[in-house]
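Hello,

Here is the structure I said I would pass on.

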Amino acid sequence: MANEIYENLAAALKKYDKEGIADLAKKAVEEKADPLKAMDALTVAIREVGDAFEKEELWLPDLIGAAAAMQCAMPILEEEIVRTGSTKTSIGTFVIGTVFGDIHSIGITMVSTLAIAAGFDVHNLGINVKAEDFVNAVKEKKADILGLSALLTLTMAEQKKVIDLLKEEGIREQVKVIIGGGAITQDFADSIGADGYSPTAPGGVEWMREIVKSS
Ligand code: B12
């Protein structure tokens, strides 16, 4: 039964069926399906749409349709993740955003949701965030961890720019930086001096929990 709901969610995303996918997400919650598995099924499906776009089998309106459908299901699943995982006291302060020039938002929404559920005080700066704005937010919020997302090969360099600016401002040692996003690899993370990298939102939040535990 549960597997069927994940398959149906993926199928609704591929049909860009905004109403149907929201109903299925509600059904998944009602039937106590695992919201993380539901998100995983949607992530796999939207990546398949992305792959077809790369091969020119689908076009930009398809990406937009798939993203719109995904964003109809996500808030319902996120609410369930936060509801079942939320803790009262903050275990650390986390600032996250997608770097300048990049408007992909679904990945940071997932990381933010899981971080809230894990007990972090989360400040999601959104998309297209300039290096200065990341650095200012780290100072203002006294962030323990900064998360940077980049989905485009073209915007990966912005992650380095943020880390360099933290160094210039003399606050690099005060904050741990974790990076992620479709284009990112561990080698790239090492090359720009990031503290952490994860290809997945749950993996990233697990790393964050370990960091605050050991500090
Ligand atoms: C949906 C989508 C869009 C939507 C975005 C809507 C939105 N609100 O986000 C729209 C239609 C707007 C869009 C636009 C574009 N897109 Co687009 N898009 C995608 C698509 C299909 C899915 C992205 C997504 O949301 N995935 C689902 C989420 C959950 O996955 P994710 O973001 O990777 O996040 C996961 C992990 O990476 C990780 N993670 C992410 N961030 C972080 C951060 C931290 C700190 C951590 C720890 C982990 C982490 O956690 C998440 C879950 O586990 C991808 C294909 C793909 N394979 O990703 C292309 C893709 C990213 N897009 C691409 C392109 C080319 C574009 C455009 C340039 C198209 C165009 N010609 O205009 C524009 C770029 C505009 C811009 N300046 O940013 C290319 C990028 C190629 C490249 N390497 O540079 C891709 C790979 C498609 C392709 N195969 O060609 N896109």
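In this predicted model, a backbone N or O atom of isoleucine 103 lies 2.8 Å from an oxygen atom of the ligand. A ligand nitrogen is 2.7 Å from an N or O atom in the side chain of threonine 153, and a ligand nitrogen is 3.1 Å from a polar backbone atom of glycine 50.

The ligand sits in the largest pocket. There are 36 residues around the ligand, and those that come nearest are Ile103, His104, Ser105, Ser149 and Thr153. By type, the shell consists of 17 nonpolar, 16 polar and three charged residues. At least two shell residues come from each of α3 (35–54), α4 (60–85), α5 (106–118), β3 (145–149), β4 (176–180) and α9 (201–214).

At the start of α3, a side-chain oxygen of aspartate 34 comes within 2.8 Å of the backbone nitrogen of leucine 36. After α3 comes glutamate 56, which has a positive phi, near 60°. The buried residues of α3 include Ala38, Leu42, Ala45 and Val49. Residues three or four places apart in an α-helix point the same way, because there are 3.6 residues a turn.

Regards

Notes:
Residues numbered from 1 in each chain as written. Predicted model: local features only at pLDDT ≥ 70, side-chain atom pairs only at ≥ 80, totals over all residues. Heavy atoms only, no water. Near = heavy atom within 4 Å. Polar contact = N/O pair within 3.5 Å; in protein donor to acceptor, adjacent residues only side chain to side chain. 1 Å grid on protein atoms, 1.4 Å probe; cavity = no way out; pocket = protein on both sides within 12 Å on 5 of 7 lines; lining within 4 Å. Sits in = over half its atoms within 2 Å of the grid points. Helix = DSSP H or I, 4+ residues; strand = E, 2+ residues; numbered from the N terminus. Nonpolar A, V, L, I, M, F, W, Y, C, P; charged D, E, K, R; others polar. Buried < 20%, exposed > 50% of the residue type's maximum accessible area, 1.4 Å probe, protein only.
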